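Student: I have the sequence and the structure open. Can we work through them together, one point at a time?

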Amino acid sequence: MLSGFLEVFLETIRDVFPIATILVVFQFVILRRRPPNPRAIAIGFGYVLVGLTLFLLGLQHALFPVGRLMAEQLTHPELLGTAEAALAADWHDYGWVYAFAFSIGFSTTIAEPALIAVAIKASELSAGSVSAWGLRIAVAIGVAIGITLGVFRIVIGAPIHWFIVVGYVVVVIQTMFAPRSIVPIAYDSGGVTTSTVTVPIVTALGLGLAETIPGRNPLIDGFGLIAFASLFPIMAVMAYSQITGRRNGNEEKTQPEPGGKSAIDSNNTGVQK
Amino acid sequence: MNLLRRVLGRLSESCRDLLPIVFVIAFFQLVVLKQPIPRLAQLLGGLAMVIAGLTFFVRGLEMGLFPIGESMAHSLARKGSLFWLIVFAFSLGFGTTVAEPALIAIADEASGVAAGAGVIANNPDAMENYALGLRLTVALAVGVSLVIGVWRILKGWPIHFLIAGGYLLVVIITALAPREIIGIAYDSGGVTTSTITVPLVAALGVGLASSIKGRNPIVDGFGLIAFASLTPMIFVMIYGMLF
C-alpha cells in the first residue's frame, strides 16, 4: 500500500512539475517579486498533491475495478437473456444499461474535483446568484443525459456527427436566449466534466457495449461518449440559469448590483432577461 | 475545537459528494445484478482515501492554487506588459498539456490506428513520431487557445461569437478531415483540461478580468477552459489532413 502511495505521489508530482516551474519562473524572474503569503501557497500546493494522490489511489484501488466490472456485467449478453436474445435484442431491451449510464454519469460528475473548483469560483463571484451546488447538479444532469444518449447511439449504431452537430445547433440557439452572465460558465463546464473520475468508468461502459452488441466496432463506436459528456452540460447549465433566472427575476431587479464588483449597467440588462 | 469543527465540516462535504456513487454501485450490484459486492473491505478503504483526498484537494485549492493564479494575473496586468502576459498564457497552456498522461495515452492509441489504416508506415519509429507530433499539436492548440482567451478578456469581446465560430469551423473541417482522425480529434478536446490546470486557468481568467477596468469577472473571466477544449479538435483534424 505504501509503495503504491509513493508511486502515485511521484506521478502526481511529475504532472505538477511543469506548472510549478512556469509559476516559479514567472513569479521570480519576470515579475521579480514574492507572492503574498508564500507559506500558505506552498502548504496549499502540498495539500493539492497529497489530496490528488489519495483521491487517485482510492479510485484506482476501489471504485474503478467495481465500476468496470459492473459495466461489463450490465452489457453482458446473459443479463439480456441468452446469446441469441442478445443478437435479436432491440434498442429498448437495454433498459438497465440506460439507467446505469444515467446514474453513473450523474454520480461521477458530482465527485469531479475540477468541477468543484469551477463551481466554487462561480458562486464566489456571482455573490450567490449562481449557487455552487445548483451548478454542479445542473452539470451532472447534463452529463447523465449526454451519456445516456451516447449509449443509445452505440446501441442503434448511428453516426456520431449527427448528434454532435444537432447538439451544437441547440447550444447556439440557447446562447441567444440565455442570460449573458451564465454563457461563459456554461461553456467552461462542458470542458471540466470529463476528467479524473468520469472518463475511466464511462469509457469502460462504451467499450463493453461496443464489444457486446453485434456489428459494432469498439474502435469506432466505443469512443465518443466523452464528446457527448462535454456537450450536454452546456445545454443543462444554460437551461438551469433560465429556470432560476425566471424565478429570481423580481428579486434581482430590486438589487441591481448583487456582486457589487464592477457589475456594469450594460451587463445587468442582460442578466435580467 | 474550531479547527476540528472545520475539518469535520469539510469531511462531511466530501462524503456528500461521494454518496451518489456509493448509492449507484450498491443499487445496481445488489438489486439489478443481484450479486454481493466484491472485495467490500478494499472498496471501503478506497472510499475513505477518496474522501480524504477530496478534502485535502479542496482545501489546497483555496489556500494555494486560487490565490497564486489570481495574484499572478493581477501582477502581470499591473506590470502592463502585453508580451509577458501572452507568453505566460501560452506557456501555461503548452506546458500543462504536453506532459498530460491522458493525452500521451490517446496519442499512442491514435498512432496505432493511423498505422493500421495505412496513413503512416507501420513501424515503431514512424508511430512514435506520429504520436509525438500529435502531442505537440494538441499542446500548441491549448497554448494558442489560452492566448486567444486572454486576448478576448483584454478586448472584452463577447464569448459566443468566438465559440460559435469555432464550432462552425469544427463542423466544416470534420467534413474535410480523414475519417480515422475525427474520433481522436473529438476526444483530444476533452482530455486537455486536467484537475490541476482547471483551477489555475479559472483563477487566471477571473484575476485578469477583475484587475482590468470595465471587465466583469463573471462575464469576462470565465471561458478560457472552453477555448482549451475547442481548439485541439481543430488543430488535430488539420494535423490529420497534413500527414
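Tutor: Start with a definition: a residue is buried if 20 or more other C-beta atoms lie within 10 Å of its own. Keep in mind that this is a predicted model.

Student: Is Leu207(A) buried or exposed?
Tutor: Leu207(A) lies in helix H9 (residues 198-212) of chain A. Around Leu207(A), 21 other C-beta atoms fall within 10 Å. The cut-off is 20 or more. Leu207(A) is therefore buried.

Student: How far apart in space are Leu207(A) and Ala158(A)?
Tutor: In sequence, 49 residues separate Leu207(A) and Ala158(A). In space, C-alpha to C-alpha, the value is 16 Å.

Student: Now chain B. What is its secondary structure?
Tutor: Read the elements from the N terminus on: α-α-α-α-α-α-α-α-α-α. The C-alpha trace spans about 60 × 55 × 30 Å along its principal axes. The count for chain B is 10 helices and 0 strands.

Student: What percentage of contacts in chain B, between residues at least 6 apart in sequence, join residues at least 24 apart?
Tutor: Chain B has 243 residues, and buried residues make up 51% of them. For the contacts you ask about, the share is 82%.

Student: What distance separates the centres of the two domains of chain B?
Tutor: Domain 1 covers 1-63 and domain 2 covers 81-242. Their centres are taken over C-alpha atoms. The separation is 32 Å.

Student: Is Val219(B) buried or exposed?
Tutor: Val219(B) is found in helix H9 (residues 217-221) of chain B. Val206(B) is 13 residues from Val219(B) in sequence and 9.4 Å away in space, C-alpha to C-alpha. Val219(B) has 27 other C-beta atoms within 10 Å, so this residue is buried.

Student: How do H4(B) and H7(B) run relative to each other, parallel or antiparallel?
Tutor: H4(B) holds residues 101-116 and H7(B) residues 179-191. The two helices pack at an angle of about 180°, with axes 10 Å apart. Angles over 145 degrees count as roughly antiparallel. H4(B) and H7(B) are therefore roughly antiparallel.

Student: By class, which residues make up the contact of H4(B) with H7(B)?
Tutor: From H4(B), the residues include Ile106(B), Ala110(B) and Val113(B). From H7(B), they include Glu180(B), Ile184(B) and Asp187(B). The contact has 8 nonpolar, 1 polar and 2 charged residues.

Student: Which helix gives the largest share of the side of chain B that touches chain A?
Tutor: In total, 79 residues of chain B are in contact with 85 residues of chain A. The largest share, 26 residues, comes from helix H2 (residues 40-79) of chain B.

Student: How many nonpolar residues are in the contact of H1(A) with H3(B)?
Tutor: H1(A) brings Pro18(A), Ile19(A), Ile22(A), Phe26(A) and Ile30(A). Among those they meet in H3(B) are Trp84(B), Phe88(B) and Leu92(B). The contact has 3 polar and no charged residues. The nonpolar count is 8.

Conventions. Residues are numbered from 1 along each chain as its sequence is written. Chains are lettered from A and ligands numbered from 1 in the order in which they are written. This is a predicted model: local features need pLDDT of at least 70, side-chain atom pairs count only at pLDDT 80 or more; totals for chains, interfaces and linings use all residues. Two residues are in contact if their C-beta atoms, placed from the backbone, lie within 7 Å. Helices (H or I, at least four residues) and strands (E, at least two) are DSSP runs, numbered from the N terminus. A residue is buried if 20 or more other C-beta atoms lie within 10 Å of its own, exposed if 12 or fewer, and partly exposed in between; C-beta atoms are placed from the backbone. Ala, Val, Leu, Ile, Met, Phe, Trp, Tyr, Cys and Pro count as nonpolar, Asp, Glu, Lys and Arg as charged, and the others, Gly among them, as polar. Domain bounds come from an automatic or database domain assignment. Axes are lines fitted to C-alpha atoms, for helices over the stretch in contact, and angles run from 0 to 180 degrees between N-to-C directions. Angles under 35 degrees count as roughly parallel, over 145 as roughly antiparallel, 65 to 115 as roughly perpendicular and the rest as oblique.
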